[in-house]
Amino acid sequence: MTEASGIPTASQPGWWVYTGTGRVVDAEDRDRRWPAPPRWRTFSGGPDEPDPPQDDADLDRRLGRVVVSDHVDGHEADMVNAAIYLRRPLLVTGRPGSGRSSLAYRIAYELRLGRVLRWPVTTNTGLRSGLYDYDAIGRVQAASRVGGPAGRDDRAAQHDDTQLGEYLHLGPLGTALLPYRLPRVLLIDELDQSDIELPQQLRSVFEDGGFEIRELVRVGDRTPQVRVRTADPGRTAVVRSGRVRCHAFPIVVMTCTDERDFPQAFLRQCLRLRLAEADENRLADVVAGHFPDRFDGAGEVIRDYLRRRSGTDTLAMDQLLDAVHLRTSGAFAPADRAEWDRLIEALWHRLSATEPG
């Protein structure tokens, strides 16, 4: 195990729930020490949904074998814990390869908070896609197969209302805002790719701790409870009176680059964390986690990666892992250094078209 710089375990503040060491906390100790929310961030959703599923396979794919460290980044742990205590979303910036997205998975792993809900953002992403999807066409087609709603009595209409849940699917954000006993971890990935309206729309949802499903509000008098599908495979949840409202505000990790400017009103809702680029020790821990049985030979690749990154190139962590896999798996055995250099030149192509050629 390599040793990263930072706060030693013995010196970590007692208020931390998340330590950043990679050590999984005991569930009873976690529950006993879980902080109460501020009065202005207390939400009354409920009754609570069952605890979310664990997805250890996804965590292993994202993180590899987590390397426990006795030294942690104190600023990172401070901000994650502040987000937990204050029930505020965390806006995480940094260059590719700094571990922005993996932070959400490390929080979920260490605190055993269940499957991470991931919402990737693009230029076409709207708030509705994160909250829920309603298949109106599918419902109309189903109604037409049974003769449509005309002429039915109130009992038949109420039965049709209960079927609404078959055509409603909560998105990652909508699922995270269900009332759980402990917070879900929600990763809103690459928020900087969004259009100008999305951050302000998110601000409103974060402030309310919930949202309405219009299709269910309309039938709330007749059918106050409807079971809908969630973003967790095979899971459903009951929505009451057409409103989803959290109990424990989710741990929201929003990633973006340093270049994007957001509205001040949105930024005031967030805690901000900028991650530094991973140094050689941290990169070695990541590589060792994914290649525990064949780490030999990875050191040279890591040093090549650092030399390339120290220039103008912007490299992602996946590009490092791809190169290590080729170098250590036996799939590629270069005859000389020049052959290896040609391969990594192709693998580690520039990600930014604005960078000098």
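How many bridges join strand β3 to β13? In this predicted model, strand β3, which covers residues 90-93, is joined to β13 by four bridges, and the two strands run parallel. Within this pairing, Leu91 is the residue that stands opposite Arg272 of β13.

The two strands belong to an open sheet of five strands, arranged in the order β4-β7-β12-β3-β13 with parallel pairing. In general, the strands of a sheet pair through backbone hydrogen bonds, and the pairing may be either parallel or antiparallel. The edges of the sheet are formed by β4 (117-120) and β13 (271-274), each of which pairs on one side only. On average, and with direction ignored, neighbouring strands of the sheet are turned by 20° against each other. Helix α3, made up of residues 74-86, packs on this sheet and touches β3, β12 (251-256) and β13, and the direction of α3 makes about 160° with that of β13.

A further helix, α14, spans residues 317-328 and thus contains 12 residues. From its first C-alpha to its last, α14 reaches 17 Å, which is close to the 16 Å expected at 1.5 Å a residue. The buried residues of α14 are Met317, Gln319, Leu320, Leu321, Ala323, Val324 and Thr328, and what covers them includes the helices α12 (280-290), α13 (298-309) and α15 (337-347). Just after α14, Gly330 takes a positive phi of about 90°.

Notes:
Residues are numbered from 1 along each chain as its sequence is written. This is a predicted model: local features need pLDDT of at least 70, side-chain atom pairs count only at pLDDT 80 or more; totals for chains, interfaces and linings use all residues. Side-chain values use heavy atoms; hydrogens and water are left out. Two strands pair if DSSP finds at least two bridges between them. Axes are lines fitted to C-alpha atoms, for helices over the stretch in contact, and angles run from 0 to 180 degrees between N-to-C directions. Contact means heavy atoms within 4.5 Å. The expected span of a helix is 1.5 Å times one less than its number of residues. Buried means under 20% relative accessible area, exposed over 50%, partly exposed in between (1.4 Å probe, protein chains only).
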